[in-house]
Amino acid sequence: MRGLVAQHSAARRAWIVLSVVLAIAVSARGQDESSSDGGEVGIACPWFGVGGAVRPGEWAGLRLAISDKSGSPREVLVRIVVPDPDGDRVHYERTLTTNPGVQQRLWMYLRLPNRFDVNSVLEVQAFEAVEGRDDAGQAVFASGRLLWSQRIKPRRVVGRTEGMLGIVGSRPMGLSRYAGPPDQVRNYLPTGHERTEVVGQISAESMPDRWQGLLSYSVVVWNEGLPASLSVDQAEAIREWVRRGGHLVVVLPRVGGAWLDSGNPLSDLVPRVVVSREEGANLTRLGPLITKDSRQELPTSETVQVMTASPGAGPTEAIGILPAYAGSEGREKWLVSRRLVGTGMVTLVGLDAASRWMTERGLPDAELFWHRVLGRRGELEGRATRQGGLPRAAIGRETITLDRDIGDQIAKGEAAGKGVLLGLGVFVLYWLAAGPLGYALLKRKGWQRHAWVGFVAAAGVFTGVAWGGATVLRPSRLSASHLTVLDHVYGQPVQRARSFVSVLIPRYGRATVRVGGGRSDGSEATRNLLSPWEPEGGSGSGFPDARGYRCESTSPDRLTVPTRATVKQFEAEWSGGPRWEMPRPQAIPGREGEPRLRVADVKGERKMEGALVHNMPSALTSVVIIVNVGQKNVARSLNGPGVRTLLSQVGVYSLPADWGPGEALDLGLVLDVTKIGTPRGTTEADRFFQEFLTAGRTGRSDGPGVVDADTTRMAARQVALALFSQLGPPDVSEEQASFNSGERLAQRRSLHGYDVGVWFTQPCVIVIGQIENGPLPFPLESATGAGEWRQIPAEGRTVVRWVYPLEGSPPVIGVVTDEEG
């Protein structure tokens with residue numbers, strides 16, 4: 001498909017020549033539309049992004065304040081125009097019934113361009129709304145008279161390679177360390193990889209009313225504000241965001257049970273636990289989770305919320321993550337609990353991380369506490385960094401952007417390649433026939449004086465050949481290629497997917513494309529997203545006949561786009577009922593009971609029990625299976641300066657062959673889990689997560705059953721992206737005398753929020769596999785002339801990540817050695 005992208009660029013240049021008059025007319029018209037002297041509507045933007053922060057190349061929510069100065073209510077259409085990669089203009093629109101004299105809030109949602117920065121300006125326009133119909137014939141409000149326009153600028157733009165974490169509240173709770181050292185000027189962590197922008201001061205009142213407003217945030221930590229203050233739309237936005245993979249962490253307040261009350265609009269997301277308020281608690285017992293300094297005196301009379309599973313709670317509705325007490329008592333009484341919701345989760349924290357004592361000391365230590373809640377690893381500051389300098393290995397690392405080549409993966413080029421070869425062949429034959437060979441033939445016959453006739457004849461013949469060949473080779477059918485990431489948690493009723501798609505639309509005019517219904521039977525559609533997408537390093541140029549097209553800001557699941565018989569690239573966010581039959585436990589002959597997976601203790605040794613089978617469209621390739629039996633026990637010996645190991649006890653395995661549909665996979669036979677948690681097993685697991693950043697240089701050989709960690713290959717990069725937050729950090733120890741050129745800095749741009757790192761905080765089995773040259777796992781449809789919808793034929797790579805939650809097993813707080821962890 002790469003050639004069709006070249007053809008796409010050539011078509012743009014042709015349109016520049018053919019459409020210059022139209023371009024001048026369009027630009028003049030745009031100039032007229034952008035001017036206004038009415039001033040009938042006031043427009044302000046108190047929040048440019050949730051929390052006042054946005055990230056380029058992603059959806060953002062802008063909260064506007066609209067005030068109408070007219071004498072009576074009316075419908076007003078609000079529009080923000082953003083150019084797409086083809087130079088066309090996306091009109092993000094939403095209507096509002098005004099209340100004159102009253103300032104009204106209005107959330108607008110749009111996808112920001114890749115090159116958006118703090119100097120970029122957006123223009124918000126307010127029109128008198130008039131009834132009309134869109135290109136699909138549906139009744140919509142259209143723009144009438146321009147009432148006012150206002151230019152707005154962002155206040156805080158996060159780098160594309162940086163993560164985002166939101167705090168609902170005013171206290172940092174130790175989370176600010178994820179942003180790096182206080183004097184951080186780089187867009188990465190000197191002692192790790194991805195820097196996280198910590199966005200605080202978010203209030204319940206300023207939460208968006210659609211889930212895409214939270215899309216940039218992989219984690220939101222809620223400490224202040226009552227959930228009951230959320231509107232119905234705000235609560236549904238949070239609920240949808242969690243279902244689609246968001247992680248909501250609630251730090252319970254000291255008093256009141258607002259999150260456990262029936263009046264909480266998010267009560268169906270909260271873990272089913274009984275909370276006991278323990279006053280006068282001595283935090284010394286929790287010291288290894290709070291601070292590395294064993295000399296630090298901890299409060300002896302604090303308030304701690306202790307949680308136990310409610311009677312009747314299901315296995316995924318109340319999961320213990322961290323214990324509230326040292327020793328075995330903490331197995332049943334939890335400081336941190338969790339509930340799984342769709343592909344996301346909600347976590348309750350009973351430690352008052354926002355107390356004055358914690359805030360004054362910058363605690364709890366993120367490496368000790370928050371790593372074990374959020375699924376992170378590694379040092380956030382090296383010792384040299386804390387002393388004011390950067391470790392030698394922290395600077396100058398080679399950067400590897402793991403999702404850098406999405407555009408190459410979805411480029412359509414087969415037909416264009418044939419066209420180029422045809423054109424080259426026709427030209428060579430024409431040059432020979434009309435030139436030296438033709439003249440030599442005429443000379444032999446003594447017909448040199450008729451050379452001009454031969455030239456004209458050759459030109460005519462080869463013009464016909466070229467025209468006919470181009471007609472035959474020109475694509476005539478709608479088709480697409482894609483790269484898709486598909487997630488599913490066993491036992492949950494939804495899947496989610498992010499897909500990058502190149503759609504070849506072989507006609508001129510307009511075409512309507514939509515992301516289909518949320519459920520497999522189409523009976524209920526969730527709020528899916530469809531937006532134009534620009535690959536990394538895009539030219540930024542476009543067609544001169546730029547046209548505008550509408551996008552409903554609050555429910556942008558379809559677009560009617562201008563077409564020029566070439567490709568249009570989209571990014572789709574889909575969630576809905578399972579459409580593919582993902583892996584599931586299968587009964588093993590001779591074993592009784594419901595099919596399930598578990599890690600059993602057999603005569604003092606761990607043994608994996610259970611079998612899996614799937615019925616996806618084709619075989620899974622490059623299959624990696626990760627077994628996590630739980631977090632390592634909590635002790636200061638595991639958390640001293642310089643720790644670089646995983647905080648979980650895991651085993652990593654690769655299948656020696658592809659895993660076909662209907663093929664039973666007995667995990668007890670293919671996975672040796674006896675080494676998990678042993679010194680050797682811990683070393684092997686740490687080495688695996690480090691090799692993604694060194695493989696390809698170390699001479700490590702491939703072979704059956706060996707995990708491919710060579711990130712020069714696409715399959716390995718997809719595994720690394722899935723495990724992004726667990727990739728090995730660089731060696732920044734003071735003993736390192738020189739820069740280790742074998743280590744790399746890992747980054748991502750287009751797949752934030754799509755790693756499975758949070759699953760390293762609880763026991764589970766993770767399967768990562770890839771389906772090559774397969775269909776889309778969700779409906780992407782185009783409108784027909786008869787008003788019906790048809791599936792767009794698509795082919796490409798789908799990266800499947802499937803998680804099976806095992807029985808919860810919180811770690812033990814105690815004094816153990818590294819080898820015992």
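**Entry 1: Arg 94 and Asp 209.** I started with Arg 94, which makes a salt bridge to Asp 209 with 3.1 Å between the closest N and O atoms. The two sit in distant parts of the chain, 115 residues apart: Arg 94 belongs to strand E4 (residues 89–97), and Asp 209 to the loop between strand E9 (196–202) and strand E10 (219–222). A reminder to myself: this is a predicted model.

Are these two partners buried or exposed? I looked up both: Arg 94 has 13% relative accessibility and is buried, and Asp 209 is buried as well, at 11%.

**Entry 2: Glu 194 and Arg 748.** Next I checked the salt bridge between the side chains of Glu 194 and Arg 748, at 2.9 Å from N to O. Glu 194 is in the loop between strand E8 (163–168) and E9, while Arg 748 is in the loop between strand E32 (744–747) and strand E33 (764–774), so this pair ties together parts 554 residues apart in sequence. I found Glu 194 buried at 14% and Arg 748 buried at 6%.

**Entry 3: Glu 772 and Arg 797.** Here I read 3.8 Å between the closest N and O atoms of the salt bridge. Glu 772 is in strand E33 and Arg 797 in strand E36 (residues 794–805), so the bridge ties together parts 25 residues apart in sequence. Glu 772 is partly exposed at 37% relative accessibility, whereas Arg 797 is buried at 16%.

**Entry 4: a network and the total.** I then came to a network in which salt bridges with shared partners join Glu 236, Arg 239, Glu 240, Arg 243, Arg 244 and Asp 268. How many salt bridges does the structure hold? I noted 56.

Definitions and conventions:
Residues are numbered from 1 along each chain as its sequence is written. This is a predicted model: local features need pLDDT of at least 70, side-chain atom pairs count only at pLDDT 80 or more; totals for chains, interfaces and linings use all residues. Side-chain values use heavy atoms; hydrogens and water are left out. A salt bridge is a side-chain nitrogen of Lys or Arg within 4 Å of a carboxyl oxygen of Asp or Glu. Helices (H or I, at least four residues) and strands (E, at least two) are DSSP runs, numbered from the N terminus. Buried means under 20% relative accessible area, exposed over 50%, partly exposed in between (1.4 Å probe, protein chains only).
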